[in-house]
Amino acid sequence: MSTRILSTSPLVGPALADLGARFPALRLAPYRSPEWNAALPEAEALVVMLSEPITEADLAAAPRLKAIGTYSVGVNHLPVKACQARGIAVVNTPGVLTDATADIALALLLALTRRVAEGEALVRSGAWRGWAPDQLMGPGLAGKACGILGSGPIGQAFARRAWALGMTPLFWDREGSGGTVDFGGGQAGFSAPRLPLAELLPRSAVLSLHCPLTEQTKGLLDRGALETLPAGAVIINTARGGILDETAAMDLLDAGRLGGVGLDVYDGEPKVQPRWFTTPRTVLLPHLGSATVETRQAMARLLCDGLAAALAPAR
Ligand code: DGY
């Protein structure tokens with residue numbers, strides 16, 4: 001039986017198997033393995049992960065392709081314009097990972113500022129000799145401004161968390177239209193100013209990234225931009241590597257100019273610049289933003305529903 005759906009992973013939960021039963025046959029093959037390459041020409045739908053780029057050459061090699069589904073909200077690894085030109089649907093997973101991703105940004109922020117990993121390591125090492133007045137202190141957050149890059153659902157969800165910590169959210173987004181952003185998730189009375197980047201950065205004791213990686217945001221936080229942050233500022237990136245100039249961030253950490261950097265994503269991941277491992281005041285996670293059981297199941301369901309619609313469009 002020919003392959004209609006070619007996936008690099010079974011995903012989490014039963015959604016992909018259900019889709020395969022509805023549109024046989026489903027083939028699971030590692031990304032760019034000989035089996036994957038062999039099945040590509042007959043595939044009508046591809047399922048890939050955020051770490052598995054698809055190129056225009058892949059589209060040319062897959063003349064029957066109707067849809068590409070990515071198990072992520074981000075689509076920066078897909079040739080979206082070329083797909084549009086060929087009438088190939090791009091299916092992603094917006095909406096269902098909003099809270100999980102905002103939660104991991106909050107976890108990074110608290111781990112970094114309250115030195116959770118260092119404290120845990122100290123106790124676990126057996127070397128802790130008891131409470132001390134100045135032990136493992138970090139900066140408090142209440143009363144400080146939190147710059148948020150990206151005013152979409154994840155940026156807004158993070159703003160609610162920052163607000164709950166007593167911080168003042170400030171937004172920048174790609175529209176740059178000024179005015180305010182409502183971040184209350186439908187609840188009135190929660191709005192924050194939308195500022196130009198040059199105005200937001202010098203005010204941001206915390207800066208959290210929640211915008212997609214696009215031509216406009218690639219390299220947005222370059223050395224010059226980072227140098228305008230207040231001394232001791234903390235940066236959290238759960239969006240995409242490539243938005244932040246990592247070398248400049250490490251230089252500013254080494255120089256004591258930045259207060260900390262918490263990363264869930266990396267430019268060129270899963271490769272991580274080895275210098276991160278020894279740079280002080282960092283917390284490094286392996287792209288866990290959407291990693292809750294409920295979220296990964298919901299992502300699979302949403303993705304497979306979208307692929308089903310592309311494979312059997314309503315008449
Ligand atoms: C996505 O789905 O694009 C996110 O990066 C998950 O963390």
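The model is predicted, so local features need pLDDT of at least 70, side-chain atom pairs count only at pLDDT 80 or more, and totals for chains, interfaces and linings use all residues. Residues are numbered from 1 along each chain as its sequence is written, and side-chain values use heavy atoms, without hydrogens and water.

Start with the rings. A pair of aromatic rings is described by the distance of the centres and the angle of the planes. Here, rings of Phe, Tyr and Trp (its six-membered ring) pair if their centres lie within 6.5 Å; planes under 30 degrees apart are stacked, over 60 edge-to-face, and the rest tilted. That rule gives four aromatic pairs. One of them joins Y31 and W36: the centres are 5.7 Å apart and the planes stand at 65 degrees, so this pair is edge-to-face. Y31 is partly exposed, at 24% relative accessibility. W36 is buried, at 0%. F183 and F190 also pair edge-to-face, because their planes stand at 65 degrees, with centres 5.8 Å apart. F183 is buried, at 2% relative accessibility. Both F183 and F190 belong to one aromatic cluster with W163 and F171.

Now the domains. An automatic or database domain assignment sets the bounds. Domain 1 covers 5-96 + 294-311, and domain 2 covers 98-284. Their C-alpha centres lie 31 Å apart. Seven residues from domain 1 and five residues from domain 2 make the contact (heavy atoms within 4.5 Å).

How much area is buried between domain 1 and domain 2? About 510 Å², with 48% from carbon and sulfur atoms. This is the accessible area (1.4 Å probe) that the two parts lose on being put together, summed over both. In domain 1, L50, N76 and G95 lose the most area to domain 2, together 61% of what that side buries.

What holds across this interface? The side of domain 1 that touches domain 2 has two nonpolar residues, five polar and no charged (Asp, Glu, Lys and Arg are charged; Ala, Val, Leu, Ile, Met, Phe, Trp, Tyr, Cys and Pro nonpolar; the others, Gly among them, polar).

Key
Buried means under 20% relative accessible area, exposed over 50%, partly exposed in between (1.4 Å probe, protein chains only).
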